[in-house]
Amino acid sequence: MTTTLAAPRSPYSRDPQRRGVNWEKWGWIYMRVSGIVLVVLIFGHLFVNLMVGEGVSALNFAFVAGKLANPFWQWWDVAMLWLALIHGGNGMRTLVNDYATTRVSRGILKSAILAAVVILIVLGTLVVFTFDACPAGQPADLLPTFCQAL
């Protein structure tokens, strides 16, 4: 009687009885879709900032303040910010899953990535929507010169 040894089961194999959302699949799809959308947003951003109008020589505080005063550009920049940060965070999560050797280290690293992404999204979104180049009640000598014309 001969016995055959079966290959050991991988701890990462899917359980055929498992039901629910396949987060890895949706993460994979998100990376592809957000990558395409980010290419459009980034090249649109670069085109408008570097080629339209006076080009690079027009980039200064007044140019940025003018763009951030326009709701279209606010939402454009927020979309770029959110997509890029979540895309990057998901990519880092994938690297941690692939290379972190213990469950504890994976948990710590993924928590740190999540915290960084959430903090940067919140702060970036606040900056975009609350930016005021000419705050009321400030001394004129501290404001940009274009604010004095208002």
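**Exercise 1.** Find which residues line the second largest pocket of this predicted model, and sort them by element and by class.

*Solution.* Start with the residues themselves: Gly-27, Tyr-30, Ile-86, Gly-89, Asn-90, Arg-93, Lys-110, Ser-111, Ile-113, Leu-114, Val-117 and Val-118 form the lining. Next, look at where they come from: helix H1 (23–50), helix H3 (71–99) and helix H4 (103–130) each give two or more residues. H4 supplies the largest share, six residues. Now sort by class: the lining has six nonpolar, four polar and two charged residues. Finally, the volume of this pocket is about 290 Å³.

**Exercise 2.** Work out how H3 and H4 are oriented relative to each other.

*Solution.* Begin with the geometry: the two helices pack at an angle of about 175 degrees, and their axes are 10 Å apart. Angles over 145 degrees count as roughly antiparallel, so H3 is roughly antiparallel to H4. Then see who makes the contact: H3 contributes residues including Trp-75, Trp-82, Ile-86 and Arg-93, while H4 contributes residues including Lys-110, Ile-113, Val-117 and Phe-129. By class, this contact has 15 nonpolar, five polar and three charged residues.

**Exercise 3.** Compare the UniProt "transmembrane region" annotation with the model.

*Solution.* First, the unreviewed UniProt entry places this feature at residues 29–52, 72–90 and 111–131. Second, check residues 29–52: the span is 92% helix and 0% strand, with its end C-alpha atoms 33 Å apart. Third, residues 72–90 are 100% helix and 0% strand, and their end C-alpha atoms lie 27 Å apart.

Terms used
Residues are numbered from 1 along each chain as its sequence is written. This is a predicted model: local features need pLDDT of at least 70, side-chain atom pairs count only at pLDDT 80 or more; totals for chains, interfaces and linings use all residues. Side-chain values use heavy atoms; hydrogens and water are left out. On a 1 Å grid over the protein atoms alone, a cavity is a set of points where a 1.4 Å probe fits but cannot get out, and a pocket is an open set with protein on both sides within 12 Å along at least five of seven lines; lining residues have an atom within 4 Å of a point. Grid points are joined across faces, edges and corners, and a volume is the space filled by probe spheres set on the points. Helices (H or I, at least four residues) and strands (E, at least two) are DSSP runs, numbered from the N terminus. Ala, Val, Leu, Ile, Met, Phe, Trp, Tyr, Cys and Pro count as nonpolar, Asp, Glu, Lys and Arg as charged, and the others, Gly among them, as polar. Axes are lines fitted to C-alpha atoms, for helices over the stretch in contact, and angles run from 0 to 180 degrees between N-to-C directions. Angles under 35 degrees count as roughly parallel, over 145 as roughly antiparallel, 65 to 115 as roughly perpendicular and the rest as oblique. Contact means heavy atoms within 4.5 Å. UniProt positions are given in the numbering used here, feature names are shortened, and annotations may be inferred rather than shown by experiment.
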